[in-house]
Amino acid sequence: MLAVEELPRREELSMVDFELSEEQRIIRDTVVSFAREQIRPAAREADEKGEIKAEVLEQAWQLGLAQSFVPEEFGGFGNERSVVTGAIMAEELAWADLSMALAIMAPRLLLVPVCEFGSAEQKKRYLLPFCTDRYLSASAAVVEPRFDFDAGAPATTAFRDGDAYVLNGEKCYVPLAATSTHLVVLANAENGSESQPALFVVERDAPGVRIGEREKLMGIKALATSRLSLENCRLDRSSRLGADEPGAVSRFLNLSRVALAAMAVGVARAAYEYARDYAKERQAFGVYIAQKQAIAFMLAEMAIEVDATRLMVWRAAWKLDRGKDATREACIAKRYAAEMAVRIGDNAVQILGGHGYIRDHLVELFLRNARGFAAFEGMAVL
């Protein structure tokens with residue numbers, strides 16, 4: 001029998017405050033207003049046409065949703081960056097429309113890792129061009145087109161050749177690849193017998209970079225995603241981010257997992273609220289269908305799932321804000337949120353019955369978008 005001092009110690013716990021600060025409330029209210037008035041009304045048209053109106057992205061940029069945390073010395077607003085606040089913002093944007101949420105957040109795929117892991121020279125080189133009064137897209141290439149893809153062991157390689165790196169590999173699900181000036185690429189950096197995942201900033205027009213045709217996806221149809229091919233793409237050594245920080249890649253991936261989990265909560269909440277409101281207005285056999293026990297129980301379970309998953313997301317974000325390793329929490333939140341969003345979307349379609357399968361109602365769009373979270377990786381970051 002183990003002595004008391006030999007028993008494994010539980011992780012030290014701290015109290016979590018769920019009360020939003022004044023700044024967080026202002027940001028949330030601003031995003032909610034923008035999402036309801038500008039994004040949601042344009043969601044169906046964007047999905048049907050397969051494109052996002054430029055004015056929506058420009059308005060989001062003017063609000064500082066992507067770049068407000070960039071230090072003033074590099075042209076940003078210099079606001080304090082909070083992962084929890086970012087999760088709140090990501091949920092509200094995705095509630096309105098996932099495609100536009102991903103496009104609005106896309107510049108952060110470059111700005112966040114550069115701010116966190118970049119040297120002073122890298123920050124000056126990459127941040128200044130993005131801190132203008134116009135929206136500029138950036139992207140990240142993480143997912144690879146193979147069944148055994150593992151972000152912790154990418155097949156894309158980066159060999160050292162003197163003072164340069166030579167990248168080779170294939171990526172998919174790269175958002176806005178064709179219009180982004182810079183892409184953060186996840187590759188396995190090899191130097192002799194040693195190798196480890198690393199992040200590289202690659203210019204879209206660099207020799208050896210080829211952007212494939214736009215992918216035809218089941219969901220996020222308004223967001224242009226493409227395949228990316230790297231063929232002997234030679235980069236200066238200074239293009240590598242966080243070379244002296246062993247945990248840089250892990251933190252980047254966790255920030256992405258939490259971002260996508262928050263967006264999954266937003267999509268699920270949108271589906272639940274749409275189905276709830278429909279059930280309260282639709283009558284069958286003289287009563288509102290929300291009064292039917294089967295429907296009422298289903299809606300209750302949906303509400304519970306959304307709230308519970310949000311707490312998972314906030315817990316992971318809270319740990320990341322404190323610089324702690326949140327790999328476990330981020331992975332759990334991402335995995336559960338991906339499955340939860342599909343369940344909620346499917347239930348919403350069921351509650352609407354035949355109406356759920358036609359495009360007059362948004363629940364079919366929510367379900368199609370939700371289905372992608374199981375495959376998404378590195379498409380957003382907080």
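Student: Is the crossing in which α9 passes α10 left-handed or right-handed?

Tutor: Happy to look at this with you! This is a predicted model, in which local features need pLDDT of at least 70 and side-chain atom pairs count only at pLDDT 80 or more, while totals for chains, interfaces and linings use all residues. Residues are numbered from 1 along each chain as its sequence is written, and side-chain values use heavy atoms, leaving out hydrogens and water.

Now to your pair: α9 passes α10 in a left-handed crossing (the near helix is turned anticlockwise from the far one by less than a right angle; clockwise would be right-handed). Helix α9 covers residues 293-321 and helix α10 residues 327-352, and their axes come within 9 Å, crossing at roughly 160 degrees. Axes here are lines fitted to C-alpha atoms, for helices over the stretch in contact, with angles from 0 to 180 degrees between N-to-C directions. Helices are DSSP runs of H or I with at least four residues, strands are E runs of at least two, and both are numbered from the N terminus. The angle makes α9 roughly antiparallel to α10 (over 145 degrees; under 35 is roughly parallel, 65 to 115 roughly perpendicular, and the rest oblique). Sorted by class, the contact of α9 with α10 has 17 nonpolar, three polar and six charged residues. Nonpolar covers Ala, Val, Leu, Ile, Met, Phe, Trp, Tyr, Cys and Pro, charged covers Asp, Glu, Lys and Arg, and the others, Gly among them, are polar.

Helix α4 (residues 83-96) packs against helix α8 (residues 248-281) at an angle of about 40 degrees, with axes 7 Å apart. That makes α4 oblique to α8, and α4 passes α8 in a right-handed crossing. The residues making this contact (heavy atoms within 4.5 Å) include Val83, Ala87 and Trp95 of α4 and Leu255, Met263 and Glu273 of α8. By class, the contact of α4 with α8 has 13 nonpolar, one polar and four charged residues.

Stepping back, the protein chain holds 11 helices and 10 strands. Its radius of gyration is 22 Å, close to the 21 Å that the globule rule gives for 382 residues, so the chain is as compact as a globular protein of that length. This radius is taken over C-alpha atoms, and the rule is 2.2 Å times the number of residues to the power 0.38. Buried residues make up 53% of the 382 residues (under 20% relative accessible area with a 1.4 Å probe, protein chains only; over 50% is exposed, and in between is partly exposed). Helix α6 (residues 108-117) is largely enclosed by the rest of the structure, because nine of its 10 residues are buried.

Val143, in the loop between β1 and β2, is buried with a relative accessible area of 5%, and its contacts beyond four places in sequence include Tyr173 and Ala375. Tyr173 belongs to strand β3 (residues 164-175) and has a positive phi of about 55 degrees although it is not a glycine. Ile220, in the loop between β6 and β7, has a positive phi of about 35 degrees. Most residues other than glycine have a negative phi.
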